[in-house]
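Dear colleague,

I am passing on the structure below, followed by an account of what turned up in it. Please read the notes with the structure open beside them.

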Amino acid sequence: MRKIVFLFSFLVIFLIILIHTSRTFLITDDITPLSSCLELIEKSDILFVIPNQDNHSLDKYPQWCEEMRSLNKVIALHGLTHEHHEFLNSVKHEDMTKAVSDFEHCFGYKPTLFRPPYNKISPENEALIES
């Protein structure tokens with residue numbers, strides 16, 4: 001699995017761009033096929049997608065995946081299922097691999113950005129993400 005870069009380093013890059021371009025970036029998280037507001041998504045620059053919320057995996061929504069790809073947005077991984085502080089608990093390697101695989105199947109590439117739900121992550125899970 002390719003190394004997934006944390007949002008924090010990515011935000012530094014955007015802040016530098018923001019300073020030089022005076023443009024405001026909109027980052028939207030909790031994006032799923034069933035609960036997404038297209039109007040907000042169209043205005044957003046970065047979309048943080050939950051790969052499997054309430055047993056609704058991204059791979060079950062190919063038309064939605066195609067629609068998101070066609071918007072030419074930065075799309076990133078936002079947890080596994082978005083359970084409360086899921087990355088403070090032990091995350092199985094297999095679960096992380098499945099989330100990355102579902103993301104890749106949906107969007108055609110592995111995620112390069114990751115943001116844990118509620119911005120909470122244990123050192124063990126941070127190491128898992130970076131592996």
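**Surroundings of Gln-53**

Once its neighbours within four places in sequence are set aside, Gln-53 is in contact with Thr-32, Ser-35, Thr-81 and His-82. Please keep in mind, here and in everything that follows, that this is a predicted model. Gln-53 belongs to strand 4, which covers residues 52–53, and with a relative accessible area of 23% Gln-53 is partly exposed. Between the C-alpha atoms of Gln-53 and Asp-30 there is a separation of 9.4 Å, the two residues being 23 apart along the chain.

**The disulfide**

A search of the whole structure turns up one disulfide, and the residues that it joins are Cys-65 and Cys-106, with an S to S distance of 1.9 Å. This pair links distant parts of the chain, since Cys-65 sits in helix 3 (residues 62–70) and Cys-106 in helix 4 (residues 93–107), 41 residues apart. The torsion about the S-S bond of Cys-65 and Cys-106 is about -110°, and the disulfide is therefore left-handed. Both Cys-65 and Cys-106 are buried, whereas Cys-37 is partly exposed, at a relative accessible area of 45%.

**Salt bridges**

The structure contains four salt bridges, and I describe some of them here. In one of them Asp-29 pairs with Arg-115, and the closest N and O atoms are 2.2 Å apart. Asp-29 lies in strand 2 (residues 27–31), while Arg-115 lies in the loop between strand 7 (113–114) and helix 5, so the pair ties together parts that are 86 residues apart in sequence. As for accessibility, Asp-29 is partly exposed, with a relative value of 28%, whereas Arg-115, with a relative accessible area of 14%, is buried because that value is under 20%.

Another salt bridge joins Lys-43 to Glu-39, where the closest N and O atoms are 3.7 Å apart.

Which residues of helix 5 are buried? In this helix, which runs over residues 123–130, they are Asn-125, Leu-128 and Ile-129. Because they cover an arc of only 100° around the axis, these residues are on the same side of helix 5. On the other side of helix 5, Pro-123 and Glu-124 are exposed.

Terms used. Residues numbered from 1 in each chain as written. Predicted model: local features only at pLDDT ≥ 70, side-chain atom pairs only at ≥ 80, totals over all residues. Heavy atoms only, no water. Disulfide = S-S within 2.5 Å. Helix = DSSP H or I, 4+ residues; strand = E, 2+ residues; numbered from the N terminus. Buried < 20%, exposed > 50% of the residue type's maximum accessible area, 1.4 Å probe, protein only. Arc of directions from axis to C-beta. Salt bridge = Lys/Arg side-chain N within 4 Å of Asp/Glu carboxyl O. Contact = heavy atoms within 4.5 Å.
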